[in-house]
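Me: I have a structure open and would like to know what stands behind the words used for it. Could you go through the terms with me?

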Amino acid sequence: MTGPEARLARLRGRSLPRSHNARTIAALASNPGCARRAILDAAGADKQRLAAYAGFPAPFGQSRFALARGNAFEAQVKAEGAAQLLTLLRTHLNLPIPEAHYDDLGEVGGNASLDLRHARTRTLLARAAASQDEAGTMFDHPLLRLEVGGRHAFLEPDLVAFRLHGRFHVIEIKSFAVIDGQADGDKVAAAAIQSAVYVLALRDALAEQHIPPEAVSHETILVCPENFSNRPVAVSLDVRKQLTVLRRQLSRMARIADLLDLLPPDLTFDLDPDRDGVPRRRPAELAAAIRQVEARYAPECLSTCEMCFFCRDEARGCTAALGRDAREELGGVEHVQTVLRLAGRIDRPAPGTDLAEAAALLRQAARLRAEALREAV
Amino acid sequence: MSTLTSLARAMAAASGTAQPACTVRHVHLSPRPLVFIPLALAGEANAPLAALVGDDPGAPNLLVVPEPRDRDLRFAFAADLAAVVLRYTASYCADQEPTGGRDPGLRYADAPQLLVPNPGGIAFTRLLGRSTRFRRAEGPYAVAESVPVLGRWLTFFADRTESPASSLMLAATDALSAHWATGQSPAEDRNLAVLLGWIDPPPGMSGAQAAALAEDPLRSPPTGPATDPTFDNEVLDQRILAVRTARLTGGGRAYQRAEAALTDALATQLTPTWTLMWRAAELLRGLPEAAHVRRRWDADKDAFTWHAGHIREGGPPQPRRDGAVSAAGRLANTERVQEMVAAQRAFDDPLVMAEYRMTGEAFAGRVAAAEPDRVDATGRRRVLRPRVTVETGDAVLAEPGATLTSPARPSQKARVIAVTEANGRTRVLLELQGGMGRALTPEPGSVPAIGEPVCYAAFGDGYQPPPAFPASEDTPWTHGGPPPRYVPADEDAREDWS
């Protein structure tokens, strides 16, 4: 076995594979140039565990209170065939849904294999798209698929897709509050990009059945608690912009197979567990293995990627570690030491080069800064 | 961010020590601020868990909600907080001073100042204000009388943070990172413990080392309102469960024990931040105050005086949402104030002015030639119009005809007559008007002398009058017509808080 699947399995080693979700795809798409994240995610590696074992545990975890609240809210709106959700959509979308179908796609005759579930999701969605039935249908636990870096990633959204007047709407249930019609901007942005991932995957699934993309609306529905209560409220999100960004970023991503070709054939992130599952691999050796795959660290990774502290440590001394803006404002110069040598006229690059332009900028900044500080004394 | 501050970050990263980003302090700092450190329960919209609050570094008030999901206990917490906050604001409602200018009115001689650790603290304050200001002291779900008043004050403080000119409420991380550049990214500067590690490391340690240590949540618990998830899962969960169990089984001594254990655990999370907050205040106080800060604080005192009067006279609480006219007015005002503050900061601080010199919006140099007694006789009346030539090594964007202002002589206008370049230096010929007295010879010192270092900018620090907006009752139909007057509704007072 030498195909990409076998290579990825070898990279992952003996740990259980982790699957992609809308959040990981959104994170990956926000930094499409990072081969490390692309490879680790494609291999289904447990990044949290690897980072911790290499000595750089991720700076975030999930509070059990937040988890409980999120699950309780979702369970509440979906209870009894999504009764609350239906009432809400009836008023929000002005739906004439006297009766609506509710299909749970969680299992197929007791069999929960991914391929089987995906096939069933596709069939049911296509049938719904073709039918003339005006009654809405909700699909709970559909299993979708999206091509990421030339490979299929399965997406198991807890969302419900709703069909109305011949169009599907993606519904995202989140437990952050909408207060007086306003919600936390960062959280809404994250929800929008996740919804966009599902819209894209849903369109892909329908395209295989020759159903045009317009069958899936770019208006997704966000369901959140209202004000300080547990009462759900629905708002529409237009995710056209997110769809454009996602599509562009996904197309910019290198193919996983090409990335694999750059790596040594025997590379693995296996922790060499003994019979009780206790890892025996030397942490330094694992770190060296991880470093074989190139990363592109930016401070944004600190809130989205489990490997962030590992990569930040590696990026020490790089202007990128100070932020994307900082790097640009420093004339795109890669290393902090180079910046200071250029600013201090120690390095004098040949005129006409890009570096000469950066040097002029930095020298001027250093001169103005020194002058201003002298003046202030 | 600019090339100058990014260069400062690069220097900080290389040296392991934070670098100054300003030479003076651009915010007002009260001699007696009220430090407020709230903690919230994860996953909820606005469930207060605990707070450390007070105006005396030696006497913090620890407030705890023993069962964060219990509505009554939340309002009890709000009442406890109200006792501290309202006593503090009331202490500023005594001494008065004339407002000055043409207005003969009086205002309070000083104003309160709320300090929270980070922007999250401001957002929490805004939500706590929102969830308490509509409550009522009578009827169903009655709360203590002080609770809605607290809500109105918290809303007032949080609203003022939208104005870049206001210092009534400050987030410590924002204030510190505006004055110091660290060797890390702006995103990482939002951690107060880490930021202070860079700026003020303990003896024998570099800023970078102290910052790295401060990243450990066990050593430096998060500065709120979010708690450390590990703390939630391993400590908080059991202790809240113990309180709940003790309440269900009849309370008594078991309840007191459980509550004390929870309080202790929360105190360990809050106390380190309390120390950090006062250290942050001390560091900021150590910087000399910028020249325009006093004038901006006067506007804060006016706002405080107005709001205190509004509450005293029984005015309604702030509405849930702005009407069209007030929203437009607020936006226009924020933009205008932002421009004004940016100009004032540059005039007060050569390091901020350097940013404008970098982009060519300002230049500094020396006076190479001067005709201080030049009189323009071409008009109907002879007028004093001295000319000076400034030689600078900075890039100059200004073109003939442009009007410039110098921080040293803000009431004087300088019109650009000619710009010439020679040997990589630029000579700018300026004609001066105003700020020289009434005679045909300038008052001593009012015209820059040969050899004097000067700086000229393409902007002034002057006051721009606000644009005219219709009164709220004249809102045009295009904007929905006059908004209904906000009347507190019963529904608002009884709103869920789960």
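Predicted model: local features only at pLDDT ≥ 70, side-chain atom pairs only at ≥ 80, totals over all residues.

Me: Why does B:A158 count as buried?

Reply: B:A158 has 24 C-beta neighbours inside 10 Å, and the cut-off is 20 or more, so B:A158 counts as buried. B:A158 lies in helix α4 of chain B; helices (H or I, at least four residues) and strands (E, at least two) are DSSP runs numbered from the N terminus.

Me: Which residues is B:A158 in contact with, neighbours within four places in sequence aside?

Reply: They are B:I122, B:T125, B:R126, B:G129 and B:M169, where contact means C-beta atoms, placed from the backbone, within 7 Å. For B:M169, eleven residues along the chain from B:A158, the C-alpha separation is 7.0 Å.

Me: What makes α1(A) roughly perpendicular to α3(A)?

Reply: Two packed helices are described by the angle between their axes and the distance between the axes. Axes are lines fitted to C-alpha atoms, for helices over the stretch in contact, and angles run from 0 to 180 degrees between N-to-C directions. Helix α1 (residues 4–12) and helix α3 (residues 35–43) of chain A cross at roughly 95°, their axes coming within 8 Å. Angles of 65 to 115 degrees count as roughly perpendicular, under 35 as roughly parallel, over 145 as roughly antiparallel and the rest as oblique, so α1(A) is roughly perpendicular to α3(A). A:L8, A:L11 and A:R12 of α1(A) make the contact with A:I39, A:A42 and A:A43 of α3(A).

Me: How do the residues of that contact of α1(A) with α3(A) divide?

Reply: Five are nonpolar, none is polar and one is charged. Here Ala, Val, Leu, Ile, Met, Phe, Trp, Tyr, Cys and Pro count as nonpolar, Asp, Glu, Lys and Arg as charged, and the others, Gly among them, as polar.

Me: At what angle do helix α2 and helix α4 of chain B pack?

Reply: Helix α2 (residues 71–90) and helix α4 (residues 146–160) of chain B pack at about 60°, with axes 8 Å apart. The contact of α2(B) with α4(B) has twelve nonpolar, two polar and no charged residues.

Me: How many residues does the largest nonpolar core have?

Reply: The largest nonpolar core has 226 residues, and A:V197, A:L202, B:L7 and B:L115 have the most contacts inside it. Such a core is a set of buried Ala, Val, Leu, Ile, Met, Phe, Trp, Tyr and Cys residues joined through C-beta atoms within 7 Å. Among the residues that B:L115 touches are B:L34, B:F36 and B:M277.

Me: How many residues of chain B are in contact with chain A?

Reply: 43 residues of chain B are in contact with 44 residues of chain A. Helix α1(B) gives the most to that side of chain B, with nine residues.

How values were computed. Residues numbered from 1 in each chain as written. Chains lettered and ligands numbered in written order. Buried ≥ 20, exposed ≤ 12 C-beta atoms within 10 Å, placed from the backbone. Contact = placed C-beta atoms within 7 Å.
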